[in-house]
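Subject: Structure handover

Hi,

Here is the structure for you to look over. My notes follow below it.

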Amino acid sequence: MDVSTNTAALDILLQNLEARQPKSLLVYNLVMNLKQKKWDGTQVFVYDVTDRTCTVVCLCPTGYTGTDSHTVWYTYVYSEDADKLKSLLDTIRLGERLQGSVVTFPSLNDILAQTVTEYLHEHGYIIQRSYKLRLFARYLDKDIVEKMKLQSPPLPTGYTMAPLKPHHAELVIANATVQISLKFVKWLIERFPSVAIYDPNREPVAWSLLLPNGEPGLGYTRPEYRNKKFAQIRSVEFMYRLYHAGYNGVILSTTLDNTAMLKVFEKYPNLTPIGLVQSIIYETLSTQKLTKL
């Protein structure tokens, strides 16, 4: 069942997903953004909207790869039943909908990863890349964000904080550790909350963006500003702005070998471990040729 434009069904789905948090928080944020018309083109499919355990597939266009050569889809799944997920994938004919595009499943537990991989293999897809992540849910409430704001170190004289502007997309890409398109970053800046610390010349020296799934991403601090609490100041301000933008929680993730980030997460208040997931990128032989051009 496609509930993408069914407001009543989306409301029911949000209620059911909220009851399944923290594991459902990624999909919950996606559905909330769709309802608020922040992510045009997102399609939400539900096995049965009355099923409170929720089997949901969110098919989300990101637009382009770093070379803008072909479409990339992000597909988020929440399900507690692999059989229901397989049935939903068959019903919506996901393989046909993708039409040979590159597709990323950013958050799959081992059981769902096996189900998705077997399904896509039947439709000519192979795994391009796969890695494991550790997920955490960080819940935001007024007391938490106000306390963080009060305890945050002050900025040096002449420095200010404000959202990024679309023309800063090139700067974000130049300092990103992943391949991502200019159009997509501009779209993120235009649609979702962001924060940057500006020097006295009004140039960004540190920034954070919100990905459409409710996960902070593409954060960066210029080397000369590291170990000076700029990352901490940026993070606190970002969480403050997210709360006041209506987000009650965000997802934090890190690779298993990033012990430094795991230690940072341990210091965060109101942090709930979700567990290990796989992030898998699938492609067909035709898209594989394009990515190597």
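A salt bridge here is a side-chain nitrogen of Lys or Arg within 4 Å of a carboxyl oxygen of Asp or Glu. Glutamate 80 and arginine 20 meet that cut-off, with their closest N and O atoms 2.9 Å apart. Glutamate 80 sits in the loop between S3 and H3, and arginine 20 in the loop between helix H1 (7-19) and helix H2 (25-35), so the pair ties together parts that are 60 residues apart in sequence. Both ends are partly exposed: glutamate 80 has a relative accessibility of 43%, and arginine 20 has 28%.

Please keep in mind that this is a predicted model.

**Confidence**

The chain averages a pLDDT of 87, and 93% of the residues score at least 70. Residues 64-69 fall below 50; this stretch has 14 contacts in the model beyond near neighbours in sequence. Residues 289-293 also stay under 50, with 6 contacts beyond four places in sequence. Where pLDDT is low, the predicted coordinates should not be read in detail.

**The sheet**

There is an open sheet of 7 strands with mixed pairing. The strand order is S1-S2-S3-S4-S11-S5-S10. Strand S1 (43-46) and strand S10 (249-255) are the edges; each has a single partner strand, so one side of each has no neighbour in the sheet. From one strand to the next, the twist averages 25°. Helix H3 (residues 82-92) packs on the sheet and touches S1, strand S2 (56-61) and strand S3 (72-78). The direction of H3 makes about 45° with that of S2.

Strand S4 deserves a look. S4 is mostly covered, with 7 of its 7 residues buried. S4 (residues 102-108) pairs with S11 (residues 271-283) in the antiparallel sense, over 4 bridges. There, phenylalanine 105 has isoleucine 280 in S11 as its bridge partner. S4 and S3 pair in the parallel sense, over 3 bridges. In that pairing, tryptophan 73 has valine 103 in S4 as its bridge partner.

**Other salt bridges**

The structure holds 8 salt bridges.

- Aspartate 110 and lysine 132: N to O is 3.8 Å. Aspartate 110 is in helix H5 (residues 110-122) and lysine 132 in strand S5, 22 residues apart. Aspartate 110 is partly exposed at 46% relative accessible area. Lysine 132 is partly exposed too, at 37%.
- Glutamate 237 and lysine 149: N to O is 2.3 Å. Glutamate 237 lies in helix H9 (residues 230-244) and lysine 149 in helix H6 (residues 142-151), so the pair ties together parts that are 88 residues apart in sequence. Glutamate 237 counts as buried, at 6% relative accessibility. Lysine 149 is partly exposed, at 32%. Lys149 and Glu237 belong to a salt-bridge network with Arg241.

**A charge without a partner**

Which buried arginine has no salt bridge? That is arginine 138, which lies in strand S5 (residues 126-139). The nearest side chain of opposite charge is aspartate 141, 10 Å away. Leaving aside neighbours within four places in sequence, arginine 138 has contacts including Met148, Ser235, Met239, Asn248, Tyr268 and Asn270. Gly249, Val250, Leu252, Pro269 and Leu271 are also in contact with arginine 138.

Best wishes

Methods: Residues are numbered from 1 along each chain as its sequence is written. This is a predicted model: local features need pLDDT of at least 70, side-chain atom pairs count only at pLDDT 80 or more; totals for chains, interfaces and linings use all residues. Side-chain values use heavy atoms; hydrogens and water are left out. pLDDT is the predictor's confidence in each residue, from 0 to 100. Contact means heavy atoms within 4.5 Å. Two strands pair if DSSP finds at least two bridges between them. Helices (H or I, at least four residues) and strands (E, at least two) are DSSP runs, numbered from the N terminus. Axes are lines fitted to C-alpha atoms, for helices over the stretch in contact, and angles run from 0 to 180 degrees between N-to-C directions. Buried means under 20% relative accessible area, exposed over 50%, partly exposed in between (1.4 Å probe, protein chains only). Lys and Arg count as positive and Asp and Glu as negative; His and the chain ends are not counted.
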